[in-house]
Structures are given as structure tokens and as C-alpha cells.
Amino acid sequence: MVRKVKTSTISGDVQLGEPTEVREAKPGVMADKRRFLCGVVEGFYGRPWTMEQRKELFRRMKSWGLNTYMYAPKDDSKHRVFWREMYSVEEADQLMALVSAAREHEIEFVYAISPGLDMSFSNPKEVATLKRKLEQVTQFGCNGFALLYDDIEQNMCPADKEVFSSFAYAQVSVTNEVFQHLGEPSTFLFCPTEYCGSLSFPSVIQSPYLQTVGEKLLPGIDVLWTGPKVVSKDVSLESIEEVAKVIKRRPVIWDNIHANDYDQKRVFLGPFKGRSTELIPRLGGVLTNPNCEFEANYVAIHTLATWYRSNMHGVRKDAVLESEDSAVAVQIKLENEGSDEELETDVLYSPRAALRLALTDWLQDFSVRPAAAAVIVPRSGSQVAIGPRLSVSGPRAPTETFNTTVYTHPITSINSSPPGSSTSRDEEPMETASFKVDDAAAEQDGVRAVEGPKPMDTDRENGIDIISRNVTQQSSVSSEEADLLRPSIERLPKENEPDVEKDENDGVDVDNGEGSGLEHNKDIALEQRQAHGGFAPMQTDDGLETQSNCVIEPVTMEDLGLLADMFYLPYEHGPRAVQLLRNFHWLKVNSGSVGVLTDGDESISAQVEEWRTRAAVFEQLSCRVTRMFTRLSNIANRRILYDLYPYIWDIKSIISLVKSFVKWLGVVAAINTCAAFPTCAGCQEKDPSQFLTGDQEPWVFRGGLAGEFQRMLPIDGANDLFFQPPPLPPTAKVYTIRPYLNTDESGVYRVCRETYADGMDASPLVPEKPDLIGDWMVGGLITLSPEYCFVLEDEYGICGYALGAVHAAEFNCRFASAWLPAMQDKYRRPDTAEKLSLSLELMLNFHSEPPVLPAALTSHFPSLVRLDIHCHVNDPSVAKSMLGCLLSSLKANGSQGVFCEVKLLDKRSLDFYARLGFVEVPKMDGLPKDLIFLCRPI
């Protein structure tokens, strides 16, 4: 059905229904002043792009048919905070070179300034300062300008109130005066304080502010507008017609659909979408304000260019539909066939087709090695805007907010040298105080961190020793339901026990995401570790860590498509991301059917089969994400890698954790076939797509896809466990966390033995009884509580474990009645209790009465946990992921808190647990004096 558009006069002889006059620019000559502005605005909060990146942007824009670049980086101090200050000679040379580069590529350079934070509009000296600043910029060859009054309070000083009747009139008066002073340039833009529908009071039509702008602003000045919201999911024809009537001119859209400066866990790689090509004849232009990371904007800018070219001459939709056999119309029909997504109704532009075209072109860049390797540097510090930000407003999370912050590392320069070497000044951003990073600060922030992280260092960023936490205890299933998960004791004693065949899918994620148990090759694995220097991957010349024995696979179109789906758009996930979310939600909600005995009931058998089929599909897609991460981590183009790595690291980590949780749901149900398996607490009420309506700004639901998965896990409030900064330098190594199987016992025992002596191998201390340490430290847990045990695995085998018991008091009783008698038969009591060796001391423990846990402890922290990681593991994030898996399983079955026991002199373990959010339990009667008890709520 074709919607008819009515024409309405907005300014002079220009009507909304008329096509926009758009002319091609001849080489070296700009088009006329009424041409459609289409391009990029560098207007985000954060570290500005480098000069070399901007020049690369101009090259891309020319080849794609775009025509305008606006310089408006919020963190250029002389653009906003210190707008009165003139540019130095050195800064002037850089800006002059940038304007010249834009002209060479036939891109119009628009210089924007934001004086509204502290300007007195009635003060002639202030106005003269603004004029003088822009006059200086004209000397650089710039002929396009913009005055931005976004993100400021609508309050006038007393002096302004005496001169101007309203805040809008004060802004308009100064803008008109500056516009005329500069000779009424062909391109001059004004950004109002009410720059979108949601900020217009009381509404767009009734806003006195916008009415003043429309009536008083000179007709040669264009007005910037972000749409119905700061980040608009859709920009409709009706909304543009509405604002155009009020401001009496066609608005220029400042589009934040790809802006990510409000959430450092999100980057947007989806297509330009939600804006009909019918908007083109009704707009003065579209400038996209994209991701902070330069290389992440290929798709955003490429698809904008495709959108613009699809109707650059302002053709009406109904004119295209007159020919039903048109190639474009046929293409759109084919795009919509068989799709379960929202049908694309724009007959001139297909977002999905534009995305494929952009990814196809982008793929070629991944294999291009830059002349010099880029360097990771921290993004500029978070800044809080006074009001809603044009670059994307909303509350900015502090860096301590673990669920919303990931350390992203834009490169210092496209062709920068490693830290410590000299670089060309032309490669640096404009040298202003707000984003200049000195060597000392960079070294402190980890830029120079070339050595690997310390073993078991769960959070080495910024030298954090103890993770701050504020975890709220959540509701959970009842203890009666959790009791259904308790297995019967079938494995005592451990000797003469038949092996259980290992599931072929419970293995290591290496390249293809598939795995297998490797403990039967333990001797070979140990030899490989020694041959390759332990677990640590080798480091290549360009700073990427990779395994010496791995085959580097090239990135494919499938990988880029999956990458775009994982990081699609603010209000929308890609198809495969939606599939992951829906499958995980379904698997959680229906987990109760997995452990039910069928007894010949075909309906129950069908439910179980469907659950296992969906779990297999979920695992397969999760493994594809891991494979995508591995391939992207090995790309030759370091510029792209460093801009994308924090995000692919984050999504890989959360998907791996969720995959482990799904595996646990299936494995624990298989253990508990004697009773119905209870559904996870809180599974039923969490909708995986609750924020995709566009009714609220996207920063209301932080974290993107990773944040949604976090909110769907039982431990969604444990934000510190989801804060996992990417390693420096980047690594392609992947670890797998999976539920414990019976065949893992020897591997768990080995890790326990090799880390027992404060992280050192204690095997020489127990040469005749290699299982003694494992029997005491972990044997009871993996035997009596296997359903709450996880192992960490790499390509060589098991290298860590996370063990737990949901009811510690109950476990202690079973430990005393079942495990200790078996161990007393296995290890005889020492004849003396004085001057004992480690072996005799451990053997004596089996013949001593176990302590009774005080009720004051178990009432608040009912679950016992024990974690350890081999000292050769150099990934700081795996400890948090392992604890996340363990706590998710415990929380799903009623636990509200956990505790662990650490030897008094075991400083390594004390530091390790402290970094995982554990705090020491206050001294209380009944606790052993030689142990320290640490706890944390769930």
C-alpha cells in the first residue's frame, strides 16, 4: 500500500513534497549552497580521531559519494570548554592541513564550536571573542561553520535576562550576528538546545523555544535535529514535517543511530536503518555521528552512502512504484521473501542489502597489514554532560560501574610507533589539554604493559588490588527444591572405579569451537607444555599473542556477518544474536523438563529431545562466536583489531559463560534423573528483547547483547564478575569452562597438587602418595557434589577448577559420614603428631574430627566453594568466568551467599579470592583458628 504525502509550505517557495536540489560537484568546485549535506560529524565524547584517521575518512567519503565533514569533537577543549582560546601556531598548521585534505577530496569542511557552556550572550566582548575565533578558522581555508548549543542548561545569567526576552532569542541573536559577520557563508548550521522531540517542551509544535528559532533565525542558517529522540530508532516523515513547520526550514539530521559514547560496552556495526529515502527531499542533509572507534565505522558510513545514493535526486516513492517491474522494487521483494523480520517498505533502499555490500568491501581491509603497527591507548576519561548530549545524551556511567564499562583502546595514530618511540606530530590529534596523554600516564594505564599478567591476577587494570562491590542478594528457589539436586553417594571409595565415557562435545574451544577430553593424553600434554614454555602463548612481533601450534584462519564473510549481528544497532540485535537470546531464554524456562524420567511417556520424551536439540543448536552458534573471535584476533590489520578487540573479547567471554551454564543445565539434569529438575530462579519473567521497542533511550538498558545475557543469568547483579578488561597485548587464546565429568578427576587432582604450595608444585613433597593432596582438598567436593563442579580447559587439558556445595552444613555431614571413612581406610593414621611432614599432616587430617560450621555463617552464606587455576594460565578473566559459572549454578538452586576456606599463611589464595570479591568473615566461635574464612553474597 502506498502512502500519499501531502505538500506543505515551510519556508518561502520551498515545499515538503518537492524534490531536493542536489547537484554533483565538479572536480575542485563545491556544489551550490542548497545542496544536500551528507557525511560525517565527529561529535562524540571521548578521544578524538587522529589527523591521519580523518584523512582516511575523507578518502573513503569521496569514493562513496559523501560530501560533508563536521569537526565537533567534544573532547577538543578549544571546541567546547576553552572555546575562547585561539589555536596555537602548531594547532593552526594541523587544522589548515586538515581543511586542505578535505578540499582535495571534494569534502566540505565544517568547523563547529560550542560556546554555550559559559557564554554571556549580552556581553559584546564575548561575542567579539567568538567572532575572532571563527575568523582565525576562516584563515585556515574553512568556509563552513556551525554554532552548537546542545547539552547546556536553559538558564540565562542576570545580565542576559535584562537584554533578551528568552534563552532562545539570546542564542538566535548571537548566531545571526556571527552569520552576518562571516559574510553569510553558504554552509552555516545552528544546533538548538532542544534538538530532538523528547527535549522539546511541552512538545515540538508547542515549544516556545523552537518557535523563536523558526521565527527569528535567518533563513540562510540550517538547523540540526536528531529526530524524535536523542538516539532515534526511526525518523518518520511525519516527525520531519512537524519540526519543519515549526523551524520554517528543512532540518539537517545529526544522526546518533551509530553513536556509542554513552555505553562503552557497545559498538554498532549494523546498517543505516529506520530512515526512509523519502526523507531526502524533505531534509537539508544527514550527518552521522558514529562510533568513537574510527575503524568500527566502515559499515555505518558505507551504508549511509548507499542510502544517500539510492535517492540522491529526491525521487518520490510513489513514482518508483508506478513501475512494478523496476529492478529496485524486485530486489526489495526478494529481500523480504522468507524473512521473519520487519518487512522493508522502502522501495529504493534495503538495509540488509546495504549491509552485505559494506561487509563485502570491508572484508578486503582485514588482510591488509598497515605500514606500522598501531598501538593501544586508553580512551579519554569519562565525562558527564550538564544536560542530554547531542553526541548521545544520557547519564554516563563511571568507570567503576562494572556492567557497563569496558576499557576500549583507540589507537594513538594510524601510523604510530610503539610506545616510547617518536611519532610525527601530524599523526596526533589536535594537541589540547583534554586528550593529551603523556608517557607516564600511558604507562600507568597499561599502555606499556608488555609483560603478561601475573598468575591468578583477576583484575590488573589500574593496579586494582581489591574489587569494590555492592551486590544485592536476590530471590532464589527454596531449599526444598534445591535438595532435589543432591546426588546419592555412588562413588565411594574412588579406587577400582570404572571410567565414564566423556561427552564429545564437552571439550576445548580451539578454532572450530569443538573439543574433546584430553586428560587421557596427560603425559603428552605435559611434554607439550614444557616444549612451549608452559601455558603461555607466544608473542609475535606485532604484539599479538597466539599459539605456536595453531593454524591462522582468515576472516570470512560469515564471520563479519556474525560480528555485525552481535553488535547491530541501539534498539535492535542482528538475527543470530536474537536467535542466541531466544534459545537461551527458552532453555532456561524449560530446563525443568530435562531431568524428568520419561517412563515411556512420549510427550515428555519429545520435550527432553527438543531441549537437547535446542541446546545443541545454541552450543553450535556459541562456538561460531568463539571461532569468529579467534579469526578476528589474528587479522593482519592491527588498526581494525585494536578498535574491535575490546568488544569481541567481551562478547566472547559472556557467550562462553552462558554456554557453560547451558551445559551445566544439561549435565546436572542427567545426574539427577531420579527427580524433576527445578527451573532456575527468575527464569520465567525475563524477556530477552524487552528494550527493543525504541520507547526509551538506549542507555536505559546498558551493555548491549552482553548486558542482556548478564541480566538473564541468575547472578545478574554480580557486576564485578562481568568486568573483564581485555588483555594487553591482545591474545587469540581461548579457554573452555565446562561442567565436571568423572574422567576429569586426575586432571583436577593434578592442578590441585601443582598449585598447593602457595602456587608452587607440591608433588615432590608427596612423592609416594600423589593423590593425597587432591583427596584432602577437592576429592570430597567432586565426589559428593559433582553437579556444582566446573573445570577450566585449554588445548593441553585441565588447568583450573571451580567446585562448590550448595548446602555446606549438609555437605560437611556427608563428608564426615561417607568420605572420611573411605579415606581413613586408604591412609593410615600417623603414629605421632609432632614434626610431621606434609604427607603425614594431611593423613592426620583424615583422622581428625571435622569442624562444625556455625549457624551464623551458613545462614547467610550457605554454600561452600573452592577455586584454583594453574600458575601458567595468563588470562586474568578466566577466574571471574569460572566463579560466574559456579555462582550461577548455586544461585539457581537457592543459595544467597558463598564462603571458602583458606590457610592462614596462603597469601596467594587470599589475594586471589579478594580479587574475586570475597571478604573475610568476622571472627566467631566454632571456626578453626588455622583457617581464614572468606565470603561473598550472590
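1. In this predicted model, strands β16 (residues 863–869) and β17 (residues 897–903) pair in the parallel sense, over 2 bridges. Strand β17 itself is mostly covered, with 5 of its 7 residues buried.

2. Strand β17 also pairs with strand β19 (residues 931–937), here in the antiparallel sense and over 7 bridges. In this pairing, V902 has I932 of β19 as its bridge partner. Strand β19 is in turn joined to β18 by 2 bridges, and these two strands run antiparallel. The bridge partner of E920 in β19 is L934.

3. These pairings belong to an open sheet of 7 strands, in the order β13-β14-β15-β16-β17-β19-β18, and the pairing is mixed. The edges are formed by β13 (736–739) and β18 (919–920), each of which pairs on one side only.

4. The buried residues of α5 pack against α3 (124–138), β6 (144–148), β7 (187–191) and α6 (208–216).

5. The buried set of α5 consists of F167, A168, A170, Q171, V172, V174, T175, N176, V178 and F179. In general, an α-helix has 3.6 residues a turn, so residues three or four places apart point the same way. After α5 comes G183, which has a positive phi, near 85 degrees.

6. Helix α19 (residues 704–712) has 8 of its 9 residues buried, and is therefore largely enclosed by the rest of the structure. The buried residues in α19 are G704, L705, A706, G707, E708, F709, Q710 and M712.

7. W699 is placed in the loop between α18 (638–671) and α19. Is this residue buried or exposed? At 11% relative accessibility, W699 counts as buried, because the cut-off is under 20%. W699 and P570 are 129 residues apart in sequence, while their C-alpha atoms are 8.7 Å apart in space.

8. How many disulfides does a search of the whole structure find? The search returns 0. Two cysteines may be noted individually. C752 has a relative accessible area of 2% and is buried, whereas C871, with a relative accessible area of 26%, is partly exposed.

9. Some totals complete the account. The secondary structure of the protein comprises 26 helices and 19 strands. Of its 938 residues, 61% count as buried. Among contacts with a separation of 6 or more, residues 24 or more positions apart account for 80%. The protein exposes about 35800 Å², of which carbon and sulfur atoms supply 52%.

Notes. Residues numbered from 1 in each chain as written. Predicted model: local features only at pLDDT ≥ 70, side-chain atom pairs only at ≥ 80, totals over all residues. Heavy atoms only, no water. Buried < 20%, exposed > 50% of the residue type's maximum accessible area, 1.4 Å probe, protein only. Helix = DSSP H or I, 4+ residues; strand = E, 2+ residues; numbered from the N terminus. Contact = heavy atoms within 4.5 Å. Disulfide = S-S within 2.5 Å. Pairing = 2+ DSSP bridges. Areas by Shrake-Rupley, 256 points an atom, 1.4 Å probe, with all protein chains shown as cover.
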